[in-house]
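This report concerns a single protein model. Its sequence and structure are shown first.

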Amino acid sequence: MRVMQDGLFSAVVSGGFLLSCLIYSRVTREQRTPYMDEIFHVQQAQLYCAGRFREWDPMITTLPGLYLVSIGIVKPAAWLLGWPASVVCSAAMLRFVNLLFSVGNLYLLYSLVCRIHYKDKGATSFKKILSAFTLSMFPVLYFFTFLYYTDAGSTFFVLFSYFMCLCGNHKTAALLSFGAVWFRQTNIIWTLFCGGSLVAERVSDAWTAELKDARQAPPKGSLSEAARGVQFLIKHLMKFTNLKALAFLTWPYLVVIFTFVVFVVVNGGIVVGDRSNHEACLNVPQLFYFFAFTLAFSFPCLMLSPGRIADFIQSVWRQPVRYLLLTAACLLLVWQCTHVHKYLLADNRHYTFYIWQRIFQKHALAKFVAVPVYVFAGWNVLDELKGKSVFWNLMFLACLLAATIPQKLLEFRYFILPYLIYRLNVQVPSVPRLLLELTLYGAVNAVTLHLFLNRTFQWPDSEETQRFMW
């Protein structure tokens, strides 16, 4: 059985890589020169390729992890194969690095599914393989596999760190999370997530033991459970012995976090390079956009059932005042805390431009009308995670807030990691639902790549070919 399982997974990896290579070949033929942010990334990687490590493009806002890893891969390959310098660090060769990351991401997604759901007897080997393959085809991540962006590598290091954390190899996990920060500084949030997972596990054990000693039943209801959980967490952390034990447990992650704080102080901020267009703000609706985004991409396997909406309506019927206050708070936050980045309004190459222009900007009340959808989507996310401990949910929600709310620009790429971590931690869906999800992802990928490759256009003041993308 194990041999058959390994053989099936190897076949899936090989088939997926072959498909990606064919798409990569087509993308590279159609767009030979660097496109969009690739212009900065490719040029910087080529500087490193030439040994000019002290030169830096001020328009780049991330640390040089992508370029260092790329050079570490393509340079030895070039020496072994005898390729000329013009080929070694060409845009095509650098893009191929992300194809290698995509294979690693598939392996890690499968490993994480197996690790997280090892107690789930209903999660068969076939379901785990299908679930991992489906997540590897997640449209926003999959599209940027074929361009020289940081997303594939950033996702790889974060997933690898998370897997090592779940395996108990915390020093390795912290080292990998340090590497993830070198791809994107905001990945420090997922370092906190890994350390927070350990804290959540220990505090959950302590809470269970306390309830058992007091012969009390766990509080019923998500809100009351969360409130009691927060109270217990504060009480638990107020004891120096508990705090010392948790610090000793999570010290590898604390070292990375401390190092990052030192970097921020010395650098004068999180962003390197151009900071004018990457300023943090309190953009609370970003959380709502993430909930809607999650609803759109996960409804085939998690939320598309006749009883789903009925369960939500029943929840509203039982607690009308709570939902009324929640909706009112969301309306207030949308009204007062919505920030619109100038890039969102100016760059018509991104899908978010058309979503904002044709829905929210064209119809003044649209952003308020969408609030009930946000509430429903948020309820779905929390309901799907009810199998996790209250402390894990609190920790994940805190990291989700940190990953979304400070971002002024509505950019779907920022949702990749929180979505994958959410999706990995919900129950593995049935095979029919996984196939439906895979069909949705495949269709979205096909449309996205078709638009990118075949629906080109030009700006009036430029002769360069423009393409649609996420």
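## Basis of the model

The model is predicted, so that local features need pLDDT of at least 70 and side-chain atom pairs count only at pLDDT 80 or more, whereas totals for chains, interfaces and linings use all residues. Residues are numbered from 1 along each chain as its sequence is written, and side-chain values use heavy atoms, with hydrogens and water left out.

## Nonpolar core

The largest nonpolar core has 149 residues; such a core is a set of buried Ala, Val, Leu, Ile, Met, Phe, Trp, Tyr and Cys residues joined through side-chain atoms within 4.5 Å. Buried denotes under 20% relative accessible area, exposed over 50%, and partly exposed in between, with a 1.4 Å probe and protein chains only. Phe 138, Trp 190, Phe 193 and Met 469 touch the most other members. Helix α5 (residues 91-116) supplies the largest share of this core, 14 residues; helices (H or I, at least four residues) are DSSP runs numbered from the N terminus.

Phe 138 is in contact (heavy atoms within 4.5 Å) with Phe 293, Phe 297, Ile 416, Tyr 419, Leu 420 and Tyr 441, leaving aside neighbours within four places in sequence.

## Cavities

The whole structure holds 3 cavities of 30 Å³ or more. A cavity is a set of points, on a 1 Å grid over the protein atoms alone, where a 1.4 Å probe fits but cannot get out; lining residues have an atom within 4 Å of a point. Grid points are joined across faces, edges and corners, and a volume is the space filled by probe spheres set on the points.

The largest cavity has a volume of about 150 Å³. Among its 14 lining residues, Ser 20, Ser 102, Val 103, Ser 136 and Tyr 142 lie nearest its centre. Two or more lining residues come from each of α1 (2-30), α5, α6 (125-136) and α7 (139-143). The lining comprises 8 nonpolar, 6 polar and no charged residues, where Ala, Val, Leu, Ile, Met, Phe, Trp, Tyr, Cys and Pro count as nonpolar, Asp, Glu, Lys and Arg as charged, and the others, Gly among them, as polar.

## Helix α8 and Thr 155

Thr 155 lies in helix α8 (residues 151-166) and is buried, with a relative accessible area of 2%. Beyond four places in sequence, Thr 155 touches Asn 105, Leu 141, Ile 416, Leu 417 and Leu 420.

## Helix α2

The buried residues of α2 include Glu 38, His 41 and Cys 49. After α2 comes Gly 51, whose phi is positive, near 85 degrees.

Definitions and conventions:
On a 1 Å grid over the protein atoms alone, a cavity is a set of points where a 1.4 Å probe fits but cannot get out, and a pocket is an open set with protein on both sides within 12 Å along at least five of seven lines; lining residues have an atom within 4 Å of a point.
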